[in-house]
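Work through the exercises below with the sequence and the model side by side, and try each task before reading its solution.

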Amino acid sequence: MPSGLSGLRFGRQEPSTHQHSWKISPTILAPASSREEEVRIPDSEIFRGISIPPGHTPRALDASDTGKVDLLYPSTNHLAMHLCLIECFYKLRNDVTNSKELDAVIGPTVPHFVSAENTQNSQTHPTAADADIVRTSQIKKWELFVKAAVGRFNVWWQNIDKVIRHAKAYNTIPAAAQQDTSTLSKNYLPPLDVLLVWYSYILHPSYSSDCVEFGKQNAFMLCFPWHALYEVIDQKTLVYNLPTAAANMFTTMSSQAVDLISCLSSPPPYTASIGAQCSIDLEDAVAMQDSFVNDTHQLLWLRSPACSGSLTRCMERYKRFLLLVHLHPDRRAGLVPTWDIELALRTHQLYADKFHTFASRPFGRELDYAKVPRPLETEKSTANTTTETNTADLWKRQFAEPYTCCLCWACECIKDASGGSEVEVSTSNLSQKHIKEIQKALQFYASVERARESGDRLPTSPRQAKKKDDKWELDWGHGWREVVVKGKFDEHGNPVKKVVREKAYTSHINWMMGAT
Ligand SMILES: [Zn+2]
């Protein structure tokens with residue numbers, strides 16, 4: 001990846017007209033005059049409506065139409081927030097592995113060149129051995145950090161019922177709306193390191209049985225706090241701003257500061273020796289996230305010009321994958337998700353209770369196999385299907401499309417332009433003007449990302465015209481929303497908000513707990 005920028009996959013051996021051969025390199029753009037005018041990537045519109053859907057019993061799956069796969073959760077805004085969270089995890093790991101404060105904690109393994117200020121001498125170039133030492137030191141720092149994070153998670157997890165009770169008791173939301181409380185509001189979030197452990201734990205196959213065994217049913221019911229994360233994560237800097245109330249709660253509970261790096265670097269770190277209420281090695285569970293986090297960062301859909309279209313296609317493909325799972329119950333274990341399908345699958349799993357309900361529905365009898373479209377069946381009517389264990393083969397047979405395709409920014413933009421139904425990702429059906437537009441967008445987004453990574457002021461949006469008062473309030477559920485109370489401010493000078501009912505009350509409304 002010579003461009004060095006995530007998301008772009010240029011320089012592959014492709015024909016010269018292929019999108020992977022395009023020459024797109026980030027340039028320096030004129031910065032906006034203020035932070036408010038900076039372009040927002042992704043557009044906040046992509047998170048609109050991020051809320052927890054009402055509880056419902058999913059319909060039986062109709063195998064003839066993936067459009068009818070009955071999914072109220074997740075939707076593309078949850079996926080977008082998930083991408084954002086993963087970037088936060090990626091940044092956290094970078095902060096830890098590059099932390100000078102932790103160098104002192106793990107001992108003297110850092111070679112000279114790292115601290116050498118004077119680099120005029122050519123001998124200061126790192127050797128392979130130096131690079132190894134740095135790598136080892138980075139691994140040690142991350143292991144130390146995760147070990148401590150697991151300790152902190154155990155304290156939080158032991159108190160999770162208290163957190164949930166507290167959130168319910170201090171809930172200022174209208175009582176009528178509290179029926180199916182199902183997620184935490186920002187004032188009840190844990191620090192990011194603890195959240196990473198919880199995230200990894202929920203995605204572990206033992207989470208569900210552990211919650212039963214250790215009496216964590218209330219926690220099991222929770223949806224991952226997407227709405228709260230939307231409120232606390234700075235989209236540009238990816239800083240996780242834990243509200244004071246949440247920080248105080250964690251400090252009271254654990255006797256530890258919120259920032260784990262400074263906790264570890266000011267010895268002796270407090271280590272609570274409590275019995276863990278889980279059956280698995282949580283350090284391993286966190287390590288299992290590494291490759292997905294890396295892949296997500298490499299593709300960087302979050303900052304891509306095609307983000308919205310990509311996530312819509314992602315949900316469509318996920319529904320097809322679910323269909324495949326239910327059509328081939330005997331091969332479930334062998335079906336391997338691609339990265340995009342895994343993103344949706346993980347997001348679904350992060351609402352453990354709903355995922356469990358969805359996944360354990362009885363399907364067999366409802367499926368009408370006669371209605372299932374199998375376009376390629378005629379071609380290989382005599383094929384021995386029992387030998388086809390490969391996901392790609394099953395997919396192709398079912399949907400007459402290739403299972404895997406390139407997910408880079410350029411290919412995703414082309415899918416957007418060609419209506420998303422192209423089997424082959426190719427520019428051959430696009431006009432020169434259209435191709436130029438795509439290249440221009442890629443150039444702009446790549447340049448903005450380069451500026452963002454460097455901490456520079458971003459440019460203004462190229463389509464600036466509108467937007468001035470394009471504020472929207474988060475949709476808090478079906479028929480309820482949060483609005484600003486005019487002229488009222490809290491002690492920090494932030495406008496006071498209240499939750500109002502917009503439409504007639506329906507019986508199933510899920511609320512975040514403890515929202516103020
Ligand atoms: Zn591509």
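**Exercise 1.** Find the helix that holds L323, and decide whether this residue is buried or exposed.

*Solution.* L323 has its place in helix α14, where helices are DSSP runs of H or I with at least four residues, and strands are runs of E with at least two, numbered from the N terminus. A residue is buried if 20 or more other C-beta atoms, placed from the backbone, lie within 10 Å of its own, exposed if 12 or fewer, and partly exposed in between. Because L323 has 22 C-beta neighbours inside 10 Å, it counts as buried. The C-alpha atom of L323 is also 9.7 Å from that of Q398, although 75 residues separate the two along the chain.

The model is predicted, so local features need pLDDT of at least 70 and side-chain atom pairs 80 or more, while totals for chains, interfaces and linings use all residues. Residues are numbered from 1 along each chain as its sequence is written.

**Exercise 2.** Explain why helix α15 is described as largely enclosed.

*Solution.* Eight of the 11 residues of α15 (residues 339-349) are buried, so the rest of the structure largely encloses this helix. Among the buried residues are D340, I341, L343 and H348. Their cover includes α1 (76-97), α6 (192-202), α14 (307-327) and α16 (352-359).

**Exercise 3.** Find where in the protein confidence is lowest and where it is highest.

*Solution.* Confidence is given by pLDDT, which runs from 0 to 100 for each residue. Its mean is lowest in strand β4 (residues 512-513), at 39, and highest in α6, at 98. Over residues 501-516, pLDDT stays under 50. Where pLDDT is low, the predicted coordinates should not be read in detail.

Technical notes. Contact = placed C-beta atoms within 7 Å. pLDDT = per-residue confidence, 0-100.
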